[in-house]
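This briefing goes through one protein chain, topic by topic. Please look over the sequence and the structure before reading on.

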Amino acid sequence: MEILEEVLRRVKPGPEDTIRIQSAVDLVISRLKDLDAEVHGSFRKGTWLKGDTDVDLFVFYPRSVGKEYLAREALREILDRLQGLRTRLAYAEHPYVIVEVDGVEVDVVPALRVESGDQAITAVDRTPFHTRYVTSRLSDEGKDQVRLLKRFLKGIGVYGAEIRVMGFSGYVAELLTIYYGSFLNVLKGASTWKPGTEIVLERETKEFNSPLVIPDPVDPRRNAAAAVSMKSLATMSIASRMFLKEASLDFFYPPSPEPQPVLGEVLVAEIKLLEPYVDDVLWGQIRRSVEKIRNSLLNAGFRVVDVGWCQDERVRLLVQVESTQIGDHHLGQGPPFYLESSTEFILSNRHVWVGDDGKLYALKRRKEVDPERIILNSISLKYKYSVRQYKLTEASDDCTRAFLRKRPLWLK
Ligand SMILES: Nc1ccn([C@@H]2O[C@H](COP(=O)(O)OP(=O)(O)OP(=O)(O)O)[C@@H](O)[C@H]2O)c(=O)n1
Ligand SMILES: [Mg+2]
């Protein structure tokens, strides 16, 4: 397929890309020489995308030192060795160091050396086994198929296991390619996925309760696809079906959305973080806040169309409602006449009556008619932050336009 060839031309690294990254890696490794350092991740496996990769460098410590050691002594040792280079700290399950050499970012991640995948203590300890499994199962042709799949997943917005995305990790993209054999076969498979689909590469062990289940071949106690949300699963399935119907480069590289009218009304809450945060922790809290906004507005009687978010230096929550106007009074349903609680309902409501169905009803004053206040009260983050609220009148950025468009950008 011509489209796939074009995508490969864009994502497949050439020798010069590899050399540039390798020399950055060599420099970092030379600094860590007496430590047990190894390159893993997509650079090692040959499944990385040109112009779009971080190198994953792992520094292993004996399992016996324990998890806490990695966050303190190990981290200090690594930072010490990298003195003079451009380093910064990043936080996942435990902290690690990002070092930038010649425009190449190398993640230096302390991990525990274990004998097999199921001995893993931290999330990253299985990595050497992932590397071995994937490398032994993927041909050079297969690696390119992974690259196509990764680019497709990125294009449709479901690449990454982090909480902001809740999508498909690089490792899951590799496992899918190994299982189905090629990029197009992954799409064929995905187009018939249902919630709870299981993809078993080695042996099944236990039951998982997730939208997508892929027992990790190197540690079947773990679901490698645990991060994939129902929304990501559905998006991948639909996009696969539509692509197979009518292939287009737009799936891999979605075009910018055209200007959009504001349909319904959209209230924006712009959140500014006032202290450093861990990405996954913040996005967990934002997801909960979004859920709370939706439920509180619905409970207050608003018709909510959709709640979305955009992120640049700030996080913007976009709340689309049919209307921000709502009556001062609403119908309140009481108990049926034969329950004792009906007396209390009558005593506590002035405008109360008996309905045709024998239940009591009351016309009640709304406690809250201001949706902005409901939104503000529903946002709760454990970090220090400030919020600015306004009503959207026009969308000038791609993310807001995409939200208003509704229709995915990979659909014409
Ligand atoms: N929670 C995590 C995060 C990472 N890994 C391991 O760490 C490696 C590197 O992670 P990452 O950079 O996220 O994946 P890549 O395969 O390198 O994909 P990408 O091209 O996106 O960097 C993965 O292969 C995987 O084995 C893991 O087991 N569990
Ligand atoms: Mg990587």
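Accessible areas come from the Shrake-Rupley method with a 1.4 Å probe, and for residues only the protein chains shown count as cover. The protein chain exposes about 21200 Å², of which carbon and sulfur atoms supply 49%. This is a predicted model, in which local features need pLDDT of at least 70, side-chain atom pairs count only at pLDDT 80 or more, and totals for chains, interfaces and linings use all residues. Residues are numbered from 1 along each chain as its sequence is written, chains are lettered from A and ligands numbered from 1 in the order in which they are written, and side-chain values use heavy atoms, with hydrogens and water left out.

**The chain as a whole**

- The C-alpha trace of the protein chain spans about 80 × 50 × 45 Å along its principal axes.
- The protein chain has 13 helices and 16 strands; helices (H or I, at least four residues) and strands (E, at least two) are DSSP runs, numbered from the N terminus.
- Of the 412 residues of the protein chain, 49% count as buried. Buried means under 20% relative accessible area, exposed means over 50%, and partly exposed lies in between (1.4 Å probe, protein chains only).
- Contact means heavy atoms within 4.5 Å. Among the contacts in the protein chain with a separation of 6 or more, 65% are between residues 24 or more positions apart.

**Nonpolar cores**

- A nonpolar core is a set of buried Ala, Val, Leu, Ile, Met, Phe, Trp, Tyr and Cys residues joined through side-chain atoms within 4.5 Å.
- In soluble globular proteins, nonpolar side chains tend to be buried together.
- The largest nonpolar core has 45 residues, and those that touch the most other members are Phe 152, Phe 168, Leu 176, Trp 193 and Met 236.
- At least two residues of this core come from each of helix H1 (2-11), helix H5 (127-137), helix H6 (140-155), helix H7 (170-180), helix H8 (183-190) and helix H9 (230-245).
- H7 gives the most to this core, with seven residues.
- Domain 1 (2-124) and domain 2 (140-251) each provide at least three residues of this core; the domain bounds come from an automatic or database domain assignment.
- Leaving aside neighbours within four places in sequence, Phe 168 is in contact with residues including Leu 153, Tyr 159, Leu 176, Trp 193 and Met 236.
- Another core, of 26 residues, lies apart from this one and has Leu 32, Leu 35, Val 39 and Val 99 among its members.

**Salt bridges**

- A salt bridge is a side-chain nitrogen of Lys or Arg within 4 Å of a carboxyl oxygen of Asp or Glu. The whole structure holds 30 salt bridges.
- Side chains of opposite charge can pair when their charged atoms come close.
- Glu 6 and Arg 10 form a salt bridge through their side chains (2.9 Å, N to O). These two are separated by about one helical turn because they are four residues apart in helix H1. Glu 6 is partly exposed at 23% relative accessible area, and Arg 10 is partly exposed at 36%.
- Asp 219 and Arg 221 also meet in a salt bridge (3.0 Å, N to O). Asp 219 is buried, at 0% relative accessible area, whereas Arg 221 is partly exposed, at 46%.
- Lys 406 and Asp 306 pair in a salt bridge (3.1 Å, N to O). Lys 406 lies in the segment after helix H13 (398-405) and Asp 306 in strand S11 (residues 304-311), so the pair ties together parts that are 100 residues apart in sequence. Lys 406 is partly exposed, at 38% relative accessibility, and Asp 306 is partly exposed, at 22%.
- Glu 6, Arg 9 and Arg 10 are joined into one network by salt bridges that share partners.

- Ile 293 is found in helix H10 (residues 279-299) and is buried, at 0% relative accessibility.
- Leaving aside neighbours within four places in sequence, Ile 293 is in contact with Leu 317, Val 319, Ile 375, Ser 378 and Ile 379.
- Thr 324 lies in the loop between strand S12 (315-321) and strand S13 (329-336) and is buried, with a relative accessible area of 12%.
- Leaving aside neighbours within four places in sequence, Thr 324 is in contact with Glu 265, Leu 267, Phe 302, Val 369 and Pro 371.
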